[in-house]
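Here is a short briefing to read alongside the model. Take a look at the structure first, and then we can walk through it together.

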Amino acid sequence: MTAQLDKANLLTMLVRGLFRRCARCGGKGAFYTGWIKKSDRCKTCGFKWERNLEGFQLGAAAMNIIMTGGSLLFVMGVGVVATYPEVPTWPLIAIVGSVALIVGVGGFPTSYTVWLAIDLAIDLRLRPLDEAEVADAAAHARS
């Protein structure tokens with residue numbers, strides 16, 4: 001079963017991450033017991049999300065910044081195009097500020113699962129899961 005779990009492509013893992021699922025197995029609500037409270041392992045496959053790599057938190061924070069910035073650019077662009085040539089500056093600033101708060105805070109858990117998908121996709125090419133990680137995940141999945 002683990003060979004099948006580790007064969008997902010980047011797009012599949014990213015879609016899983018966008019829906020807060022485990023990038024490895026697709027398990028629902030894999031790493032979160034609440035909106036922000038994380039567990040160490042996937043509830044479905046037992047995969048440890050951090051893989052003992054330094055910088056995982058930084059990557060997840062960077063993913064949150066990218067997701068927030070992308071949504072800001074999108075909303076700002078749509079607002080300017082929709083109201084051109086009389087762009088209402090202050091209402092647009094209020095809307096963009098609201099989007100920044102909603103996506104920045106509300107997208108926190110999603111940024112972790114999306115970053116896990118990217119990190120895992122890169123790592124599976126460069127540093128595949130070793131037997132100890134697979135056995136550890138399987139042992140925790142059974143318990």
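The protein exposes about 8,600 Å², and carbon and sulfur atoms supply 68% of that area; accessible areas come from the Shrake-Rupley method with a 1.4 Å probe, and for residues only the protein chains shown count as cover. This is a predicted model, in which local features need pLDDT of at least 70 and side-chain atom pairs count only at pLDDT 80 or more, while totals for chains, interfaces and linings use all residues. Residues are numbered from 1 along each chain as its sequence is written, and side-chain values use heavy atoms, with hydrogens and water left out.

**Overall make-up**

- The secondary structure comes to six helices and zero strands, where helices (H or I, at least four residues) and strands (E, at least two) are DSSP runs numbered from the N terminus.
- Of the 143 residues, 36% count as buried; buried means under 20% relative accessible area, exposed over 50%, and partly exposed in between (1.4 Å probe, protein chains only).
- Among contacts with a separation of 6 or more, 60% are between residues 24 or more positions apart, a contact being heavy atoms within 4.5 Å.

**The nonpolar core**

- The largest nonpolar core has 22 residues, and M13, C22, F31, C42, F47 and L116 have the most contacts inside it; such a core is a set of buried Ala, Val, Leu, Ile, Met, Phe, Trp, Tyr and Cys residues joined through side-chain atoms within 4.5 Å.
- Helices α3 and α5 (108-126) each supply at least two residues of this core, and α5 gives the most, with six residues.
- Beyond its neighbours within four places in sequence, M13 is in contact with A8, A23, A117, L120, A121, L124 and R125.
- As general background, nonpolar side chains in soluble globular proteins tend to be buried together.

**Cysteines**

- How many disulfides does a search of the whole structure find? The search finds zero, with a disulfide taken as a pair of cysteine sulfur atoms within 2.5 Å.
- C42 is in no disulfide, and its nearest cysteine sulfur, that of C25, is 3.7 Å away; C42 counts as buried because its relative accessibility is 4%.
- The sulfur of C45 is 3.7 Å from the closest cysteine sulfur, in C25, so it is too far for a bond; C45 counts as buried at 9% relative accessibility.

- L73, M76, V80, Y84 and V87 make a nonpolar surface patch of about 480 Å².
- M76 lies in helix α3 (residues 56-83) and is partly exposed, with a relative accessible area of 36%.
- A61 is also found in helix α3, and its C-alpha atom is separated by 10.0 Å from that of G104, 43 residues apart along the chain.

**Backbone details worth a look**

- A cis peptide bond joins Y84 and P85, with omega about 10°; P85 is in the loop between α3 and α4 (89-106).
- R20, in the loop between α2 (10-18) and α3, has a positive phi near 55° although it is a residue other than glycine.
- For context, most residues other than glycine have a negative phi, and most peptide bonds are trans.
- R20 is buried, with a relative accessible area of 16%, and is among the contacts of T110, along with G17, L18 and M67.

Note on methods
Patches are made of residues with over 30% relative accessible area and no salt bridge: like charges are joined within 9 Å, nonpolar side chains (Val, Leu, Ile, Met, Phe, Trp, Tyr) within 5 Å. A salt bridge is a side-chain nitrogen of Lys or Arg within 4 Å of a carboxyl oxygen of Asp or Glu.
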